[in-house]
Amino acid sequence: MAESTKSGTSGVSSSSTASKPVDDDRFTFESVLDDSSHIEADSIADFREEFGRTYHSYRAGSYYFPNDPTEAERMDEQYEIIKVIMDGRLHLAPFTREKYPRKVLDIATGTGLWAIEMGDEYPDAEIVGTDLSPIQPPFVPPNVRFFVEDSDYPPSEFDLIHTRVTIGCWADMKKEIIARAFHHLKPGGWLECQEVPGMPHCDDGTMPPDYDWLKWTLELYNSSRLANRQVDVGEQLKDWMREVGFVDVHEAVFKIPLNGWPKDTRLKHVGMLWQRNLLDGLQGFSLGFFSKHLGKTQEEIEVSLVDVRRSLFNRKIHAYHKLYVVYGRKPEGAATAPEAEVGGDTGEK
Ligand SMILES: C[S@@+](CC[C@H](N)C(=O)[O-])C[C@H]1O[C@@H](n2cnc3c(N)ncnc32)[C@H](O)[C@@H]1O
């Protein structure tokens, strides 16, 4: 985590209030960093190219999945699918329009849809979204701002901190996100993590050990361990929150079918959307990890993905992912965690 600045906010702002537009068509930036940590806006938008895809340039190499329009579109669809799964709710933490969170942080906001919809839902709240990539839309509600950074915020600042589908982002989510969130939440504030671990599940024995999607997932887990990036975060979240000091920790688990295998119409619909989303993401999820940590060429990876893709069409296999929505409260009167406990390995190379 970079050091807090005097203004208490570090990073490169891309807010709708940005005062220094660079270009009408491109994302615009306004640096709010102090001189010691100034980041050139241009270099942040100058994405790295590899495998015919683009990747973030701020803290380059820290995140292995692409940030190009193909991936942005996939993220937007993923957002809509999770919204359907959660019956349109943006969060399960106990906020309402009457008792709304005044200041909200969305870590690793991606294309920023959650932050934008939170801004609409709570017009008097201030919503901040951060990401390594400036891929958020330029026109957003006036109470929503985006920053390019990984995680640098003032202590005891937020009423709600949120993460969603951040697999592959962290070396140690408990240390880097949950302990830090405790530090940066106001007493009484909530942390909500909505995470989908990569491992598929099956309740009726129809998923064989040689199911190609399962084999691919095991390869993903293997390569992510070598990359020092967690892709299996979900089940541990409630324990991590309690260990860090959160109270009133709740967990809700939703099933996301890997394709349209369920009989139930709603789940079938969700499964068909999820299947398309996985197919759209598969190449991007594989290229960085498999080439850099399993020593595979792009061609070898592409060839191996043919069977993986095909396996995802098999409706006789009743596999599903789990969406974990876990939320907990920082106790009233809790001391902010000492800095020593909130530091951590960002896993950056
Ligand atoms: C799969 S996307 C999810 C985005 C969003 N939360 C959503 O639900 O659509 C993960 C995002 O995490 C961002 N990311 C990865 N490592 C990060 C870090 N250290 N700090 C901030 N953002 C990070 C990536 O740039 C990417 O946009």
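**Stop one: a buried helix**

Start by selecting helix α3, residues 113-121, where the buried residues are L113, W114, A115, I116, M118 and G119. Keep in mind as you look around that this is a predicted model.

What do those buried residues of α3 pack against? Bring up α2 (69-85) along with the strands β5 (103-107), β6 (126-131), β7 (144-148) and β8 (158-164), and you have the set of partners.

**Stop two: α2 with α7**

The axes of α2 and α7 are 10 Å apart, and the two helices pack at an angle of about 155°. Angles over 145 degrees count as roughly antiparallel, so that is how α2 and α7 lie to each other. Their crossing is left-handed.

Now show the side chains: E71, R74, E77, Q78, I81, V84 and I85 on α2 meet V270, L273, W274, N277, D280, G281 and G284 on α7. Colour the α2–α7 contact by class and you'll get six nonpolar, four polar and four charged residues.

**Stop three: α5 with α7**

The crossing of α5 and α7 is left-handed.

To see the contact, pick E219, L220, S223, S224 and L226 from α5, then F285, F289, F290 and H293 from α7. Here the classes come out as five nonpolar, three polar and one charged.

Methods: Residues are numbered from 1 along each chain as its sequence is written. This is a predicted model: local features need pLDDT of at least 70, side-chain atom pairs count only at pLDDT 80 or more; totals for chains, interfaces and linings use all residues. A crossing is left-handed if the near helix is turned anticlockwise from the far one by less than a right angle, and right-handed if clockwise. Helices (H or I, at least four residues) and strands (E, at least two) are DSSP runs, numbered from the N terminus. Two residues are in contact if their C-beta atoms, placed from the backbone, lie within 7 Å. Ala, Val, Leu, Ile, Met, Phe, Trp, Tyr, Cys and Pro count as nonpolar, Asp, Glu, Lys and Arg as charged, and the others, Gly among them, as polar. A residue is buried if 20 or more other C-beta atoms lie within 10 Å of its own, exposed if 12 or fewer, and partly exposed in between; C-beta atoms are placed from the backbone. Axes are lines fitted to C-alpha atoms, for helices over the stretch in contact, and angles run from 0 to 180 degrees between N-to-C directions. Angles under 35 degrees count as roughly parallel, over 145 as roughly antiparallel, 65 to 115 as roughly perpendicular and the rest as oblique.
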